[in-house]
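Visitor: Hi, I've got a bit of time to look at this one with you. Can we go through it piece by piece?

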Amino acid sequence: MLVLKPTQTRLAIEVSDLKKVFRKRDGLWALSRKSGP
Amino acid sequence: MGPLKEEWALKGVSFYVQEGETYGLLGPNGSGKSTLIRILSTLLTADGGTVRVLGHTLPEGERELRRKMGRVSVDAAFYKKLSPRENLLYAAQLYGLEPRQAEKRAMQILEQLGLESRRFNDHIEEMSRGMQQKIAIARALLINPPLLLLDEPTTGLDPKSRRDVQAFLEDLRAREGTTILLTTHDMAEAERLSHRIGFLAHGRLVAEGTAEELKRQAGSPNLEEAFIVLTGEELDEEAAI
């Protein structure tokens, strides 16, 4: 099993309660800036 | 005009990755893996929650973050009429790297990944998917990023190329301490490469831990069965859209 060294405790990625919704109308993606799939 | 339909790709996901850690995200098609990677790599903006990557809050810090992170997608985009060498040098210029140093580094990475140097000047369109994926990894590593986001880096590769890529990632982590977030359908790959693994299903992170912890939690002898027990779903082998 891989084990991290205890000195490596800083966080590179922190994600909290992340949500993303894609919207479609008449089968087409409703796009706004960087909102598409 | 018909009504607006909403599809929630991510429904409140929380997790962290430590510096130097490799975190594997496992989930079937449509579970939200690629959406999550696209948000972390600044290609999509979130509709809720908070994201901090390498100390930068998104989306505000996206310009700074892009200079520090490498990303490889399941189907990397290239200028296919150009050679690996030309594609990598072009990317190096976009990063503002000194061309000679960038070329040296690119060639070094490609050799480490097992790409024969006589192919460096062939058109990319003449190359197998395995070779193209290795070139995509080399491109992501041009800037020696502290963070690598890998969206199914070995999906569709032949067994030899898959082993080459996995061995390279293990070596990279040992040598550079690179933080890696990867998505995969391959249980053995997740177990081999990841310190911790998260199971994603229907836009939610339903379980996470080391491979051993997940197996224990599910009372399953292997990770595949643990996935089915904890998510109520099976992983399929088709490439994600």
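This is a predicted model: local features need pLDDT of at least 70, side-chain atom pairs count only at pLDDT 80 or more; totals for chains, interfaces and linings use all residues.

Visitor: What does helix α5 of chain B reach from its first C-alpha to its last?

Guide: Residues 129-140 of chain B reach 16 Å, close to the 16 Å expected at 1.5 Å a residue.

Visitor: Switching to domains. How is chain B divided?

Guide: Domain 1 takes 1-68 + 146-241, and domain 2 is 75-144. Taken over C-alpha atoms, the centres of these two domains of chain B are 24 Å apart. Each side puts residues into the contact: 10 from domain 1 of chain B and 10 from domain 2 of chain B.

Visitor: Which element gives the most to the domain 1 side?

Guide: That's α6(B), with five residues on the side of domain 1 of chain B that touches domain 2 of chain B. By class, that side has five nonpolar, two polar and three charged residues.

Visitor: Now the two chains. How many residues of chain A are in contact with chain B?

Guide: 25 residues of chain A, in contact with 41 residues of chain B. The chain A side that touches chain B has 11 nonpolar, four polar and 10 charged residues.

Visitor: Which strands of chain B are joined to β1(A) by bridges?

Guide: There's β1 of chain B (residues 4-18), joined to β1(A) by 12 bridges and running antiparallel to it. One pair there is A:I13 with B:V17. Then there's β3 of chain B (residues 48-53), also antiparallel, with five bridges to β1 of chain A (residues 11-25). In β3(B), B:R52 stands opposite A:E14, and B:G48 is the bridge partner of A:K19.

Visitor: What about inside chain A: how many bridges join β1(A) to β2(A)?

Guide: Two, and those strands run antiparallel. A:K24 stands opposite A:W29 in β2(A). The pair forms a hairpin with two residues between the strands, and A:D26 in the turn has a positive phi of about 50°.

Notes: Residues are numbered from 1 along each chain as its sequence is written. Chains are lettered from A and ligands numbered from 1 in the order in which they are written. Helices (H or I, at least four residues) and strands (E, at least two) are DSSP runs, numbered from the N terminus. The expected span of a helix is 1.5 Å times one less than its number of residues. Domain bounds come from an automatic or database domain assignment. Two residues are in contact if their C-beta atoms, placed from the backbone, lie within 7 Å. Ala, Val, Leu, Ile, Met, Phe, Trp, Tyr, Cys and Pro count as nonpolar, Asp, Glu, Lys and Arg as charged, and the others, Gly among them, as polar. Two strands pair if DSSP finds at least two bridges between them.
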